[in-house]
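Visitor: I'd like to learn how to read a few features of a protein model. Could you walk me through one?

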Amino acid sequence: MKILVTGAAGFIGLFTAKALLDRGDQVVGLDNLNDYYDPKLKMARLALLEGRNGFHFIKADLTDRAAIQGLFAREKPDRVVHLAAQAGVRYSLENPHAYIAANVTGFLNILEGCRHQACAHLVFASSSSVYGANTAMPFSVHHGADHPLSLYGATKKSNELMAHSYAHLYGIPTTGLRFFTVYGPWGRPDMAPFAFTAKILAGEPIDVYNNGQHARDFTYVDDIVEGVVRVLDRVPQGDANWDSMRPDPSSSAAPYRLYNIGNNRPVALMDFIAAIEKATGRIAAKNFLPMQPGDVLATYADVDDLSRDVGFAPNTPIEEGMRKFTDWYRGYYGV
């Protein structure tokens, strides 16, 4: 198949594109290579894909309507894995307009491309941030998620609603994946695994929010990508038994599905820091701080539906995953 992967120079995008190329698919990679974090890291990821048989890269911005229309018209992808977005909870407090532009307007352009080119399946990245004020653990796609606590989470919830409307109106098979704290080699510098490792190796103190009382469902990137590829191959059908009087948020009479994709084993923040200390052989100096606006106390994914439908079974312990990450970090940065 020919598959469009947006955010191909991103963290999850790199490994998703690589997995698809490894099995023989053609991949059209899209990215705008913006400077939200160091573009050199994005270019280094992209260098791992360029030159590979079946890979073609296009630099364009999701918000450029004409560019996205032209891309779909020329490339005519069979399926789309939409991972590009303006990420980050805290940055959404500083630059909210970037989130509406990339995550709402940009996603509309992707939906329109899929509509006009009769895409056979759109898989898109949502986020655990949609759960927001929900405190029922583990988070389930069968529960409501209508109270996000950050604009980032709100834009991801918007993506789910927009995708459902296009699945209903135009019959576009669409699957949303709610990602839970993905980490691993080539990860994002704005996320805790990268930021903590960098500071610990530099001998600098780390900021520990909520006095270390957070817990996160850290999920290793290889486990995530295996799930993404399996979902791509499972084209959703409308659920004939869907009951509009008792609507299940995870499915629909339209060809639409939502899944959590996470580790299903939340790790306490202090245990996560201990795993980095073990991997680096250094003890972190910790600066304990209060909870930040937009943060949630814990994330914990119910992945039973994904396990049932595609055999998703994450199996990378946090100690192993962080060892692999720190090995990559030391090799890439020479520390």
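This is a predicted model: local features need pLDDT of at least 70, side-chain atom pairs count only at pLDDT 80 or more; totals for chains, interfaces and linings use all residues.

Visitor: What about the phi of Asn-211?

Guide: The general idea is that most residues other than glycine have a negative phi, and most peptide bonds are trans. Asn-211 has a positive phi, near 55 degrees, and is not a glycine. Trp-186 is another non-glycine residue with a positive phi, about 70 degrees.

Visitor: Where does Trp-186 lie, and is Trp-186 buried or exposed?

Guide: Trp-186 lies in the loop between strand 7 (182-183) and helix 7. Its relative accessibility is 13%, so Trp-186 counts as buried. At the other end, just after helix 7, Gly-203 takes a positive phi of about 75 degrees.

Visitor: You mentioned peptide bonds too. Which residues does a cis peptide bond join?

Guide: Met-137 and Pro-138 are joined by a cis peptide bond, with omega about -10 degrees. Pro-138 is in the loop between strand 5 (121-127) and helix 6 (151-170).

Visitor: Let's move to helices. How do I read the packing of two of them?

Guide: Two packed helices are described by the angle between their axes and the distance between the axes. Take helix 3 (residues 65-75) and helix 5 (residues 96-116): they pack at an angle of about 30 degrees, with axes 9 Å apart. Helix 3 and helix 5 are therefore roughly parallel to each other, and helix 3 passes helix 5 in a right-handed crossing.

Visitor: Which residues make that contact?

Guide: From helix 3 come Arg-65, Ile-68 and Phe-72, and from helix 5 come Asn-109, Ile-110, Gly-113 and Cys-114. By class, the contact of helix 3 with helix 5 has four nonpolar, two polar and one charged residues.

Visitor: Cys-114 is in that list. How many disulfides does the structure hold?

Guide: A disulfide is a covalent bond between the sulfur atoms of two cysteines. This structure holds zero disulfides. Cys-114 is in no disulfide, and the nearest cysteine sulfur, that of Cys-119, is 4.0 Å away. The cut-off for a disulfide is sulfur atoms within 2.5 Å. As for accessibility, Cys-114 is buried at 0% relative accessible area, and Cys-119 is buried at 5%.

Visitor: Back to helix 7. Which of its residues are buried?

Guide: In helix 7, Pro-193, Phe-194, Phe-196, Thr-197, Ile-200 and Leu-201 are buried. These buried residues pack against helix 2 (39-47), strand 7, strand 8, helix 9 and helix 11 (318-333). A handy idea for reading such a list is that an α-helix has 3.6 residues a turn, so residues three or four places apart point the same way.

Visitor: How do the axes of helix 7 and helix 9 cross?

Guide: The axes of helix 7 (residues 192-201) and helix 9 come within 10 Å and cross at roughly 50 degrees. That makes helix 7 oblique to helix 9, and helix 7 passes helix 9 in a right-handed crossing. On the helix 7 side, Ala-192, Pro-193, Phe-196, Thr-197, Ile-200 and Leu-201 meet Leu-269, Phe-272, Ile-273, Ile-276 and Thr-280 in helix 9. The residues of this contact divide into nine nonpolar, two polar and no charged.

Visitor: And at what angle do helix 7 and helix 11 pack?

Guide: Helix 7 and helix 11 pack at about 60 degrees, with axes 11 Å apart. They are therefore oblique to each other, and the crossing of helix 7 and helix 11 is right-handed. Residues in this contact include Phe-194 and Ala-198 of helix 7, and Met-322, Phe-325 and Trp-328 of helix 11. The contact of helix 7 with helix 11 divides into nine nonpolar, two polar and one charged.

Note on methods:
Residues are numbered from 1 along each chain as its sequence is written. Side-chain values use heavy atoms; hydrogens and water are left out. Buried means under 20% relative accessible area, exposed over 50%, partly exposed in between (1.4 Å probe, protein chains only). Axes are lines fitted to C-alpha atoms, for helices over the stretch in contact, and angles run from 0 to 180 degrees between N-to-C directions. Helices (H or I, at least four residues) and strands (E, at least two) are DSSP runs, numbered from the N terminus. Angles under 35 degrees count as roughly parallel, over 145 as roughly antiparallel, 65 to 115 as roughly perpendicular and the rest as oblique. A crossing is left-handed if the near helix is turned anticlockwise from the far one by less than a right angle, and right-handed if clockwise. Contact means heavy atoms within 4.5 Å. Ala, Val, Leu, Ile, Met, Phe, Trp, Tyr, Cys and Pro count as nonpolar, Asp, Glu, Lys and Arg as charged, and the others, Gly among them, as polar.
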